[in-house]
Amino acid sequence: MRDQAPIFRFNSQRPNLVSQTTDRVVETTDDPLHALNDAAYHESRRLDGSRRPKDIEKLEQWRSLARHLGRMSPSDRMSKVRELAGEHAEDTAGNFNPSVFRITTRLLPTVVTSLLAPRTLPSLLKEPSRLLGLQALAAKVHVQGDTEALRKLAEIGTLVFVPTHSSNLDSIVFGFALEHSGLPPATYGAGKNLFNNPLLSFFMHNLGAYKVDRRLRHDLYKSCLKAYSTVLMENGYHSLFFPGGTRSRSGAVEQKLKLGLVGTGIEAYTRTLIAGRERKVFFVPATINYLITLEAETLIGDYLTEAGKARYIIDDDESTRLGRITTFVRKLLTMNGSVVIRFGKPLDPFGSVVDGDGISHDRRGREVTTSSYVEDRNGKVCFNPAREAQYCRELGREIAAAYRHESVIMPTHTVAAACFAHLSQQAPSSDLFTVLRHRDQTVSRDDLAREVLRLRDELIDREKSGQVVVSDSMRACSGGDIVAQAMRAFRGYHTSPVIEPRPDGIGLHDTNLLYYYQNRLAAHGLGWSAQDAAGAPGAGTMGRQP
């Protein structure tokens, strides 16, 4: 039962979780002198030059610590490690308000729908039961995958959801998908900057999010984050985190994953074995697929600039502006199936597929005893960092493969791929930035429709072998209908036209956004960048315009 999930008892257990996290950091800190020196160095660098009074005060404290470390006794150093670990754990640990959760999951979808799509309100009033559920969004947010098996696994182990990440709305949308599927709510890490977001902060503060401060680079803080994640899983808290680390700037499905928190699942499982209370951990890859993306313009702009390569935290994009969020949600609510959450097959911490009974199977389908993966030659459960690092890499590869297979390709992605292929053929050079500067081209409607249809049919063929998933909205449509769907989706949200009808065909206006949306196909060899790198024939077969 969802209401019996551990997270509903989170606030009463929070002090114990913070204490366990602090103890774990102290226990695993072998060299307190090095840990404190590393923290002082990184924090002094971060705070140096800040004019904020609090930062100036903290900077002096860190500098003072650095000056006195050599004269501190080993016990004093360890006491300082405990003090800092406790502060970090207290700041990291989240909050879960069951009342807010119940009210939010019952009323917010309907309130949002009625406010941002007023035409739906009369029909809702005719069916009062719909006002107290998620049905109002059911046509807009589709959930796919074997959710029945996941509900069963939630009863016998800890679920760790690892979805793709393309928007700051992902955690909210994914939370609705969990509720709609009858799955338990999960704790999740969120960038500390998001707690300043006027819309998102309310959810973050009340629905289980814990703070991840990406400004802090020292090892002691990273150890604290990993310890907190491990302690949560050991105590049965279902978790959600994004292995991509941050939103995909390019629009492509993530393939290079950050595996630090992924590795905490292996540690959590091993610790429960050592404690004699085995609790299995199941990783659930998932894709979050949008017809249009809230922050697409900022993300692709950031990706394409040199400054963007170093800007890890973006705190001034569309998700910080209420007007843009309102326009975005209103747009989504006019289109059925505009968001698809697709759950992949669950995996154990070692990358093996798990069935509905929680039993792992290797690639040949043979049953696997998961505890054997963390035993030494004498059959004793133990930690082995090199061994666990390899398991983590194997799990990461399986998650990345699931992202490719479970990606749902939508009209905007397909049409953008066809348009960008045309741009690359018309550009005087195959260099990406030359293609991007080749704006305001026109493609004939018939040529574009044929290419879109060819791409759709290619995707359907690949779907048959489990390589990708095609949006239902494209299956039985003509190429022209798919182009029209994409044009309706783009129109009215993005600040400049992406594609637009012209007397002589379809105008290709915003090449950056075309590149962003077509990148969803890149992992499948159908996006321009993948073909360009391989020197293979283009996805587009449209001839050059005379």
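Biologist: How many residues apart are E267 and R271 in helix α12?

Modeller: E267 and R271 are four residues apart in helix α12, so about one helical turn separates them; helices here are DSSP runs of H or I with at least four residues, strands are E runs of at least two, and both are numbered from the N terminus. This is a predicted model, in which local features need pLDDT of at least 70 and side-chain atom pairs count only at pLDDT 80 or more, while totals for chains, interfaces and linings use all residues. Residues are numbered from 1 along each chain as its sequence is written, and side-chain values use heavy atoms, leaving out hydrogens and water.

Biologist: And what do the side chains of E267 and R271 meet in?

Modeller: They meet in a salt bridge at 2.9 Å, N to O, a term that requires a Lys or Arg side-chain nitrogen within 4 Å of an Asp or Glu carboxyl oxygen. E27 is linked with E267 and R271 in a network of such bridges.

Biologist: Is R271 buried or exposed?

Modeller: R271 counts as buried, at 15% relative accessibility, whereas E267 is partly exposed at 25%; buried means under 20% relative accessible area, exposed over 50% and partly exposed in between, using a 1.4 Å probe and protein chains only.

Biologist: Switching topic, which secondary-structure elements hold E406 and R342?

Modeller: The side chains of E406 and R342 form a salt bridge at 2.5 Å, N to O, and this pair links distant parts of the chain, with E406 in helix α16 and R342 in strand β7 (residues 339-343), 64 residues apart. E406 is buried at 15%, and R342 is partly exposed at 21%.
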